[in-house]
Amino acid sequence: MHFGNSVTAVGFWIGTLLPVVYLPVFLSGIDSAGSLSLVVGLLATHALALIVGHDYSGSRSR
């Protein structure tokens with residue numbers, strides 16, 4: 001497996017599994033600048049992971 005394929009696979013799986021982290025963050029509340037920064041960071045990381053993992057071949061039916 002090439003390095004680029006590994007990065008794409010990691011990006012795909014991070015983009016797939018990261019929304020699980022949103023639930024505890026939202027349940028704890030966004031009541032401070034720190035928690036707002038966490039949400040913005042999670043959203044930015046999720047967007048980047050989706051862009052990087054977009055071409056992952058393991059996500060397509062054969």
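Helix 3 (residues 33-52) has 20 residues, which at 1.5 Å a residue should span 28 Å, and its end C-alpha atoms agree, being 28 Å apart. Helices here are DSSP runs (H or I, at least four residues), numbered from the N terminus, and the expected span is 1.5 Å times one less than the number of residues. The model is predicted: local features need pLDDT of at least 70, side-chain atom pairs count only at pLDDT 80 or more, and totals for chains, interfaces and linings use all residues. Residues are numbered from 1 along each chain as its sequence is written, and side-chain values use heavy atoms, with hydrogens and water left out.

| State | Residues of helix 3 |
|---|---|
| Buried | Ser35, Val39, Leu42, His46, Ala49 |
| Exposed | Ala33, Leu48, Ile51 |

Ser35, Val39, Leu42, His46 and Ala49 are buried; they cover an arc of only 95° around the axis and therefore lie on the same side of helix 3. The arc is taken from the directions from the helix axis to the C-beta atoms. Ala33, Leu48 and Ile51 are on the other side. The buried residues pack against helix 1 (3-17) and helix 2, contact meaning heavy atoms within 4.5 Å.

Three aromatic pairs are counted, with ring centres of Phe, Tyr and Trp (its six-membered ring) within 6.5 Å; planes under 30 degrees apart are stacked, over 60 edge-to-face and the rest tilted. Tyr22 and Phe26 form a tilted pair, 6.2 Å centre to centre with 55° between the planes. Because these two are four residues apart in helix 2 (residues 19-28), about one helical turn separates Tyr22 and Phe26. Tyr22 counts as buried, at 15% relative accessibility. Ring pairs also link Phe12, Trp13 and Tyr56 into a cluster.

Definitions and conventions: Buried means under 20% relative accessible area, exposed over 50%, partly exposed in between (1.4 Å probe, protein chains only).
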